[in-house]
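Dear colleague,

I am passing on the structure below, followed by notes on what was found in it. Please read the notes with the coordinates open beside you.

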Protein chains: 2
Amino acid sequence: MEEKLQELKTRLGEIRDLNKAAAVLSWDQQTYMPPGGAAARAEQLATLQKTAHNWFIADEIGELLEALNNDETGWDYDSDEASLVRVVARDYEKARKVPSELVAEFARVTTLAHEAWAKAREQSDFSQFQPHLEKIVELNVRLAEALGYEDRIYDPLLDQFEPEMKTAHVAAIFDDLKAELVPLVKAISERANSVDDSILRQTYEEQKQWDFGVEVIKDFGFDFTRGRQDKSVHPFTTSFSIGDVRLTTRVDPNYLPTALFGTLHECGHGLYEQGISPSLERTSLDDGASLGIHESQSRLWENLVGRSREFWSHYFPRLQAVFPGQLAGVDVETFYRAINRVEPSLIRVEADEVTYNLHIMLRFELENEMLEGKVKIADLPEAWNAGMEANLGIAPPNDALGVLQDVHWSGGMMGYFPTYSLGNLISVQFFDKAKTDIPSLPDQIAAGKFDELLSWLRENIHRHGRKYTPAELVKRVTGNELTATNYVAYIKTKFSDIYGF
Amino acid sequence: MEEKLQELKTRLGEIRDLNKAAAVLSWDQQTYMPPGGAAARAEQLATLQKTAHNWFIADEIGELLEALNNDETGWDYDSDEASLVRVVARDYEKARKVPSELVAEFARVTTLAHEAWAKAREQSDFSQFQPHLEKIVELNVRLAEALGYEDRIYDPLLDQFEPEMKTAHVAAIFDDLKAELVPLVKAISERANSVDDSILRQTYEEQKQWDFGVEVIKDFGFDFTRGRQDKSVHPFTTSFSIGDVRLTTRVDPNYLPTALFGTLHECGHGLYEQGISPSLERTSLDDGASLGIHESQSRLWENLVGRSREFWSHYFPRLQAVFPGQLAGVDVETFYRAINRVEPSLIRVEADEVTYNLHIMLRFELENEMLEGKVKIADLPEAWNAGMEANLGIAPPNDALGVLQDVHWSGGMMGYFPTYSLGNLISVQFFDKAKTDIPSLPDQIAAGKFDELLSWLRENIHRHGRKYTPAELVKRVTGNELTATNYVAYIKTKFSDIYGF
């Protein structure tokens, strides 16, 4: 039994090496690669991904998983061994359904699509990206058909990012959420002028912004001997091993929150990756449980910590010292209100906590419509703008600020967006439980102390990697199912306080 | 026939993808990777290299090469097709002799050795690197035995970097060279005080050094849409495709030549890589003919162009404008003499053109002694210091400035160093021929015009990639065999002028 486990781990380790090599190539593509590298990089990524896929779907892996199933081994459900076999068997069943050529085509198409998207966005011209997106939708339809589904074509795509979550479940949660958010946005709009964020829209020197963010995430516990931060067009976090976690961010010299909250957000992802148990290194379990769980970590550090009064009672004097010209006469309450200003806006990643989920709902709806053939890709900018008007009451003046703003589709990913909102909900469920377990947490945050929170997250969430499904993990940690209740209560309390209703 | 050629190219393309992915991982390791990433990176590189090796030594490749041999195809010797089959068959024969496990062990051992070397060098403590070097020598002995040899154990190792070159041939050339260089160094030493380079040893702002170097290599013709430059401890050039060529350099704020000539040198390598014919992309021929030929390109741009009077008649006023505080009162002749000052010194990469080859001879001798068991690794620092004393009359005060200065052994490479000196010889042979073909070349350089030189290099050398052996290429380009004659004549003329003897 031990021998078979070792053989499985050796095979999974080599597959993991190829996947991590591909991660390095993708990171380089988005941070440093010159444009001339795109075509060859597409081939390189295709070969790595195709090979990893071929190795994984080999009959030998199936035979090993069969021999190591729990009836034979009797391993404890929570053990590394049982978890490995359980999770990998689920992956294997799915992967066997996907033809290798489809995997390679995804890699090839999306590498070129990424370059086209970056250029289209720069020139605010959707038509340059359109043929690439058409191919990507077609590939996703083929992928969904290959994976199979009972209810919605979206189900198997969503399941890639949020295991065992269903489209109908998401739609139901989104309906509930919309019912709560719409009146809230309305109530806030009536008091829109009571919060002013003009202090954030001054010129802030880029290097100082960068350095301040780095200082904060060092305090959070991000280990720079096991990671680093670079610049990219669209911020992301990736990991090449538990000891090598890469954050990226972008800096806007004329808008302070972009880099600051981007850095805290990506750091939340990075802390998760750095906190996975070393015993899971180079297996398939050395990753987050799902994108929703991953996002719960980034949102927890960005919003529940980073946009709290307690946090700024500690950090605002430091920020003032870095930017005395911009902030010397400002009090912390004014700053707190400014960074929490609610306003329907065009760019998802810079949206406030109240309107953010309305951006997600638009993407969720459009993805379903594209996949079900209910909207033509050529008509997507129009549909996007109409949806923005309907959900948020504003329409983008151009495609760069509209349909071209996000990197995800250019990477071939559909079914990914809803996980952002699920992450928002889960972040509050986790944080509420952390506050119950650590009653002094608000005081600790107000003292710039995060070690107990980080330990709690590592113990309860990070170290487990992919051992548990998102639903299992939420239940284990909080005792409850996934719910919008905590999130809605948090939002209502926080913003009725700020806006005074 | 066409079908078999396509199949061969498909297989070689995928192997090339893995090798290029490994190149990205190595580049990242030396430029951006945090220390925590080392262990997992070693595994990733081992898997990539082992897999590439396994794919290459497959029986199917041998069968395709057999079927495509020239008796069957009748392809012209110079054609891409005949060259591909000819060169790959030679590679294949060698690769089949090397066990996959040895390749994987090389990757694993050297990735850790690189980290250990960097730390040992930082702390100037050879003992930290010693066990790694012992393993590396042992692996090279095993490699040489596997490849086989008739005369010297060094032969098959040298052949990896300089195809068809023999140890005895190198030793003979080195003996000739030594006989010329030793009296020259002596003559110069007697006039040592006639050249002063203290103007180079002032504080020069790092960013301005960087920017000046970039300006010059843009003039040379380095295409930044198909490449970039980053920082690393030891400068190197690597290529991820013909459209993505990466230079690295290092900057010393207190010594101007480090970054400046480092950048010109690496650019010479980079221009070679960028100039390979696109028809060779993703085959085995999209690389330099040998390290010696590669070095001829870097040395040509660094020394024959970059340390010439003509070059500085154009660029010195620009450099003065960048560093007025340091250079305002200096005339171009003083600067020209300073950058060409000859002095026995400790660091190879900063050695002048006259003493440089003496550094190489030491490494060549020590490598032979290590491989033949004539020196214990524990005694290497002592042997190094004794050799420096014998060859150059000076001994390093510590290991960082001595035996630990070069990256090569930590990367597992033995047999590499002599190619630097061969490159020096070939660079002058090529440049002499270029001057014959382009009589106005010195005037063009004095006008900061390099396009005709670059076109000549592309036409005669770059575009061919690995089609020809170094000996074939030197013969094709110059009509002569490899010789020290041109180099010795160049050195004597240049330095007797500078030192007045």
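In chain B, the residues B:Arg11, B:Glu14, B:Ile15, B:Leu18, B:Asn19, B:Ala21, B:Ala22, B:Leu25, B:Ser26 and B:Gln29 of H1(B) meet B:Arg41, B:Gln44, B:Leu45, B:Leu48, B:Gln49, B:Thr51, B:Ala52, B:Trp55 and B:Phe56 of H2(B), where contact requires C-beta atoms, placed from the backbone, to lie within 7 Å. This contact of H1(B) with H2(B) is made up of 10 nonpolar, six polar and three charged residues (Ala, Val, Leu, Ile, Met, Phe, Trp, Tyr, Cys and Pro count as nonpolar, Asp, Glu, Lys and Arg as charged, and the others, Gly among them, as polar).

This is a predicted model, in which local features need pLDDT of at least 70 and side-chain atom pairs count only at pLDDT 80 or more, while totals for chains, interfaces and linings use all residues. Residues are numbered from 1 along each chain as its sequence is written, and chains are lettered from A and ligands numbered from 1 in the order in which they are written.

Helix H1 (residues 2-31) and helix H2 (residues 38-56) of chain B pack at an angle of about 160°, their axes lying 9 Å apart, and are therefore roughly antiparallel (an angle over 145 degrees).

Turning to chain A, the domain assignment, automatic or from a database, gives domain 1 (2-148) and domain 2 (167-499), and 26 Å separate their centres, taken over C-alpha atoms. Contacts link 39 residues of domain 1 of chain A with 33 residues of domain 2 of chain A. The domain 1 side of that contact has 21 nonpolar, 10 polar and eight charged residues.

Best regards

How values were computed:
Axes are lines fitted to C-alpha atoms, for helices over the stretch in contact, and angles run from 0 to 180 degrees between N-to-C directions. Helices (H or I, at least four residues) and strands (E, at least two) are DSSP runs, numbered from the N terminus. Angles under 35 degrees count as roughly parallel, over 145 as roughly antiparallel, 65 to 115 as roughly perpendicular and the rest as oblique. Two residues are in contact if their C-beta atoms, placed from the backbone, lie within 7 Å.
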